[in-house]
Amino acid sequence: MTEQTQSERDILIQRATTLGLTFAKNISETKLRELIDAELNESVEAETEESLKRKAAQQLYAEQAKLIRVQITPMNPTKASLNCELFSFSNDVFSEKRVIQFNAPWHVPQAMLDHIRSIEFRAYRDIKTPRGGVVQEAYSAPAYAVNVLPPITEEELDQIKKKQLAEGF
């Protein structure tokens with residue numbers, strides 16, 4: 001073997017050792033080069049797959065965290081006298097706790113809004129029996145009426161700024 005070939009082999013052995021590859025001492029240069037290339041390609045594929053997963057998770061988070069302007073009204077008679085309520089929501093991507101004021105425009109994350117729309121309460125209605133008696137029948141009803149409002153306009157935003165400045169905020 002020539003001096004140049006020997007040093008190239010030493011470089012390949014050093015690179016394979018750095019990558020943590022195990023190989024026989026009498027491995028040929030071409031096999032060693034293929035082994036190193038395969039390891040490098042595999043790590044590049046793993047990085048691209050990981051970056052795609054990360055981008056998908058970021059996009060999903062952005063969709064769920066998007067603020068929607070709503071007005072929420074409690075439909076449950078036991079909550080009719082409340083001014084606000086603490087809502088909490090959590091899943092694999094998004095987690096949020098927020099106090100939401102009832103019967104007033106409010107900004108709520110999309111994921112929490114979907115959760116609020118899915119909440120139901122148990123209600124009862126009277127049903128007359130054929131013999132003239134009255135029986136209560138239970139049913140599920142939406143706990144909140146959700147009215148989605150258009151986004152705040154620049155004029156409304158300016159009015160809010162002026163009001164906050166006047167109040168000292």
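These are my notebook entries on one protein chain, taken from a predicted model.

**Entry 1: fold elements**

I began with the secondary structure. I found 4 helices and 7 strands in the protein chain. I then read the elements along the sequence, and their order is α-α-β-β-β-β-α-β-β-β-α.

**Entry 2: overall dimensions**

I looked up the radius of gyration next. The protein chain has 32 Å, whereas a compact globule of 169 residues would have a value near 15 Å. I also noted the box that the C-alpha atoms fill, which is roughly 105 × 60 × 20 Å along the principal axes.

**Entry 3: burial, contacts and surface**

I checked how much of the protein chain is buried: 21% of its 169 residues count as such. I turned to contacts with a separation of 6 or more, and 48% of them join residues 24 or more positions apart. For the surface, I noted that the protein chain exposes about 12800 Å². Carbon and sulfur atoms supply 52% of that area.

**Entry 4: charges**

I looked at the charges of the protein chain and noted 21 positive and 25 negative ones. Their mean positions lie 10 Å apart. I then looked up the salt bridges, and the count comes to 6.

**Entry 5: the salt bridges of Arg 33**

Which parts of the chain does the pair Glu 8 and Arg 33 tie together? I first noted the salt bridge itself, in which the closest N and O atoms of Glu 8 and Arg 33 are 2.4 Å apart. Glu 8 lies in helix 1 (residues 3–18) and Arg 33 lies in helix 2 (residues 29–65), so the pair ties together parts that are 25 residues apart in sequence.

I found that Arg 33 also meets Glu 29 in a salt bridge, at 3.7 Å from N to O. Arg 33 and Glu 29 are 4 residues apart in helix 2, which means that about one helical turn separates them. I recorded Glu 8, Glu 29 and Arg 33 as linked in a network of salt bridges.

**Entry 6: Lys 79 and Glu 85**

I looked up one more pair. The side chains of Lys 79 and Glu 85 meet in a salt bridge at 3.0 Å, N to O. Lys 79 has a relative accessible area of 24% and is partly exposed, while Glu 85 counts as buried at 18% relative accessibility.

Methods. Residues numbered from 1 in each chain as written. Predicted model: local features only at pLDDT ≥ 70, side-chain atom pairs only at ≥ 80, totals over all residues. Heavy atoms only, no water. Helix = DSSP H or I, 4+ residues; strand = E, 2+ residues; numbered from the N terminus. Rg over C-alpha atoms; globule rule 2.2 N^0.38 Å. Buried < 20%, exposed > 50% of the residue type's maximum accessible area, 1.4 Å probe, protein only. Contact = heavy atoms within 4.5 Å. Areas by Shrake-Rupley, 256 points an atom, 1.4 Å probe, with all protein chains shown as cover. Lys, Arg positive; Asp, Glu negative; His and termini not counted. Charge placed at Lys NZ, Arg CZ, Asp CG, Glu CD. Salt bridge = Lys/Arg side-chain N within 4 Å of Asp/Glu carboxyl O.
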